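I opened this model to look up its helices, its salt bridges and its confidence values. My entries follow in the order I made them.

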Amino acid sequence: MTSHVPNEARVIPLRPRAERPEARPTASRPTASSVPPERRPPTVREPLWRDLVGDVLRRERLEQERTLKEVAEAARISMPYLSEVERGRKEASSEVLAAAAGALGLGLGDLLARAQGELVRLTSRHTGAGAGRGTPGTRFDGMCLAA
């Protein structure tokens, strides 16, 4: 006999769930409007991975003084799709990212490492140097991608 664990128990949502009517704050819990602004946690939107990767691809292409058409042809992907990836409008597959990176003379690991560096740079500006999601002062040097 196997036990069935609901998928919800194993999934970590990337975005907070929409507030349900039964989960609304009660009088016993402070609401955001009842907490003074100086005591509220900062509400900084973390950058999206697709935006970071797109920025790295575009920056590298422009540094090489290559056109979108040249890189798209070398990567064997459509020019409009590469443009959307660069602008962070499309969540590209690892195959597409590897092809685009390869067309620019980068490995997939190089592309992802540069994007991770951007993520660290951008988030450390808002959270303070060395701050992470764990305990205060925790530093995360690793990267984890899940499909």
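**Entry 1: Arg58**

Is Arg58 buried, partly exposed or exposed? I looked up the relative accessibility: at 29%, Arg58 counts as partly exposed. The cut-offs I use are under 20% relative accessible area for buried, over 50% for exposed and in between for partly exposed, with a 1.4 Å probe and protein chains only.

**Entry 2: ground rules**

I am working on a predicted model, where local features need pLDDT of at least 70 and side-chain atom pairs count only at pLDDT 80 or more, while totals for chains, interfaces and linings use all residues. I number residues from 1 along each chain as its sequence is written, and my side-chain values use heavy atoms, with hydrogens and water left out.

**Entry 3: confidence**

I checked pLDDT, the predictor's confidence in each residue, from 0 to 100. The chain mean is 77. I find 56% of the residues at 70 or more. Helix 2 (residues 68-75) has the highest confidence, 97. Helix 5 (residues 108-127) has the lowest, with a mean of 88. Over residues 129-138 the pLDDT stays under 50. For that stretch the model has 10 contacts beyond four places in sequence. I take a contact as heavy atoms within 4.5 Å.

**Entry 4: layout**

I count five helices and zero strands in the chain. From the N terminus the order reads α-α-α-α-α. The assignments are DSSP runs numbered from the N terminus: H or I of at least four residues for helices, E of at least two for strands. The chain has 147 residues, and 20% of them count as buried. I also looked at contacts with a separation of 6 or more: 59% of them join residues 24 or more positions apart.

**Entry 5: salt bridges**

How many salt bridges does the rule give? I get seven. The rule asks for a side-chain nitrogen of Lys or Arg within 4 Å of a carboxyl oxygen of Asp or Glu.

I started with Arg58 and Glu86, whose side chains meet at 3.0 Å, N to O. This pair links distant parts of the chain, with Arg58 in helix 1 and Glu86 in helix 3 (residues 79-86), 28 residues apart. Glu86 counts as buried because its relative accessible area is 2%.

Next I took Glu60 and Arg114, a salt bridge at 2.6 Å, N to O. Glu60 sits in helix 1 and Arg114 in helix 5, 54 residues apart, so I note another link between distant parts of the chain. Glu60 has a relative accessible area of 12%, so Glu60 is buried. Arg114 has 38%, so Arg114 is partly exposed.

Then I checked Arg121 and Glu118, which form a salt bridge at 2.8 Å, N to O. Both are in helix 5, three residues apart, so about one helical turn separates them. Arg121 is partly exposed at 43% relative accessibility. Glu118 is buried at 15%.

**Entry 6: Arg61**

What network of salt bridges includes Arg61? I find Arg58, Arg61 and Glu86 linked in one. Arg61 belongs to helix 1 (residues 49-63). Its relative accessibility is 8%, so Arg61 counts as buried. Setting aside neighbours within four places in sequence, I list its contacts as Arg66, Thr67, Leu68, Val71, Glu86 and Leu104.

**Entry 7: helix 2 on helix 3**

I looked up how helix 2 and helix 3 pack: the angle is about 110° and the axes are 9 Å apart. The axes are lines fitted to C-alpha atoms, for helices over the stretch in contact, and angles run from 0 to 180 degrees between N-to-C directions. That angle makes helix 2 roughly perpendicular to helix 3. The classes are under 35 degrees for roughly parallel, over 145 for roughly antiparallel, 65 to 115 for roughly perpendicular and oblique for the rest. From helix 2, Leu68, Lys69, Val71 and Ala72 meet Met79, Leu82, Ser83 and Glu86 of helix 3.

**Entry 8: Lys90**

My last stop was Lys90, in the loop between helix 3 and helix 4 (94-103). Lys90 is partly exposed, at 35% relative accessibility. Leaving out residues up to four places away in sequence, Lys90 touches Arg50, Tyr81, Glu84 and Val85.
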